[in-house]
Amino acid sequence: MTIQTVSTNKSYGGVQGVYRHVSQATGTDMVFSVYVPPHADGARLPVVWYLSGLTCTHANVTEKGEFRKACAELGLIFVAPDTSPRGPDVPGDANNAYDFGLGAGFYVDATEAPFARNYRMWSYVTDELPKLVAGNFPVDAKRQSVMGHSMGGHGALTVALRNPHRYRAASAFAPIVAPSQVPWGIKALTGYLGPNKDAWRSHDTVALIEDGAKFSGFLVDVGEADNFLKEQLKPELLEAACSKANIPLTLRRQPGYDHSYYFISTFIGDHLHWHAEKLKG
Ligand SMILES: N[C@@H](CCC(=O)N[C@@H](CSC=O)C(=O)NCC(=O)O)C(=O)O
């Protein structure tokens with residue numbers, strides 16, 4: 001598994017890199033970014049996975065997330081994958097909408113034509129990319145955690161609930177917590193997985209919790225001025241599900257904050273400190 005270096009820049013004593021590789025999972029080239037903090041020769045470091053939202057590539061959080069200072073101080077590797085396969089042969093939304101297809105893989109392995117061939121973002125972020133990163137960066141694979149934003153918050157919570165022994169922490173900014181119940185999610189899960197809603201449950205945080213999935217606890221921030229809060233995000237459904245299942249949830253409703261990277265960059269330091277505590281030792 002070889003990777004090609006697109007760019008590297010020194011930052012906070014570490015290296016911010018962007019890399020490209022040929023993905024077996026998606027059948028396309030994929031680009032991702034990795035920040036490696038300053039570290040002693042031979043050291044193996046904990047890794048935080050960041051899953052991005054609709055319309056994003058690796059670049060949104062890499063350029064606007066303001067995570068590097070905290071990662072450098074805390075000794076965390078930070079990995080940001082793309083949100084979908086891309087390329088001239090990759091099908092997208094029939095109407096070029098922003099919420100399906102390119103930039104909107106929803107972290108599932110599609111079963112429906114014509115998406116099943118390339119849209120395999122679940123396998124990509126939980127299997128192929130972790131192996132690639134472990135083989136090319138100084139990662140301690142026993143110390144991994146995951147966070148994400150919006151569609152990527154959905155991705156982070158679902159990969160954690162389905163792999164509770166792999167990820168020591170999971171947090172989210174403005175996550176879609178019940179995609180089976182909201183317009184963004186219904187469109188995506190129908191398109192990628194088909195109309196049978198039973199197949200959606202393993203990609204729906206609230207449904208996974210209702211069906212018995214467990215995790216040690218979540219940290220979730222939402223902005224009270226987020227235009228998507230009431231129709232698409234519905235954090236109250238996560239609150240109810242976690243409460244019923246006795247899963248610890250710290251849900252912070254941040255007054256005045258919207259859905260943007262101004263919101264994420266304000267609180268990402270808190271999240272990284274929370275992750276670092278759980279990734280110690
Ligand atoms: N119409 C808007 C909506 C897209 C948007 O807000 N995307 C968010 C993620 S939404 C949920 O997954 C985002 O992170 N955008 C990128 C950014 O850098 O802010 C639009 O097309 O922008």
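1. In what follows, buried means under 20% relative accessible area, exposed means over 50%, and partly exposed lies in between, with a 1.4 Å probe and protein chains only. By that rule glycine 42, at a relative accessible area of 74%, is exposed. Glycine 42 is found in the loop between strand S3 (29–36) and strand S4 (45–51), where strands (E, at least two residues) and helices (H or I, at least four) are DSSP runs numbered from the N terminus. The C-alpha atoms of glycine 42 and proline 138 are separated by 7.7 Å, although these residues are 96 apart along the chain.

2. On the basis of the model: this is a predicted structure, in which local features need pLDDT of at least 70 and side-chain atom pairs count only at pLDDT 80 or more, while totals for chains, interfaces and linings use all residues. Residues are numbered from 1 along each chain as its sequence is written, and side-chain values use heavy atoms, with hydrogens and water left out.

3. The ligand is surrounded by 14 residues, the closest being Leu54, Asn60, Lys64, Ser150 and Met151; a residue counts as near if one of its heavy atoms lies within 4 Å of the molecule. By class, this shell divides into seven nonpolar residues, six polar and one charged, where Ala, Val, Leu, Ile, Met, Phe, Trp, Tyr, Cys and Pro count as nonpolar, Asp, Glu, Lys and Arg as charged, and the others, Gly among them, as polar.

4. An N or O atom in the side chain of lysine 64 is 2.6 Å from an oxygen atom of the ligand, and a polar side-chain atom of asparagine 60 lies 2.8 Å from a ligand oxygen atom. Methionine 151 contributes through its backbone, with an N or O atom 2.9 Å from an oxygen atom of the ligand. Of the 530 Å² of accessible area that the ligand has on its own, the protein covers 73%, as given by the Shrake-Rupley method with a 1.4 Å probe.

5. Helix H9 (residues 261–278) holds serine 265, which counts as buried because its relative accessibility is 14%. A polar atom of the serine 265 side chain lies 3.4 Å from the backbone oxygen of tyrosine 262. Phenylalanine 267 lies in helix H9 as well and, at 10% relative accessibility, also counts as buried. Phenylalanine 267 and alanine 97 are 170 residues apart in sequence and 29 Å apart in space, C-alpha to C-alpha.

6. Tyrosine 12, in the loop between strand S1 (4–11) and strand S2 (14–22), has a positive phi of about 50° and is partly exposed at 49% relative accessibility. Asparagine 246, in the loop between helix H8 (235–245) and strand S9 (249–254), has a positive phi of about 55° and is exposed, with a relative accessible area of 67%. The peptide bond from alanine 113 to proline 114 is cis, with omega near 0°; proline 114 lies in the loop between strand S5 (77–80) and helix H3 (121–136).

How values were computed:
A polar contact is a pair of N or O atoms within 3.5 Å; within protein, one must be able to donate a hydrogen and the other to accept it, and residues adjacent in sequence count only if both atoms are side-chain atoms.
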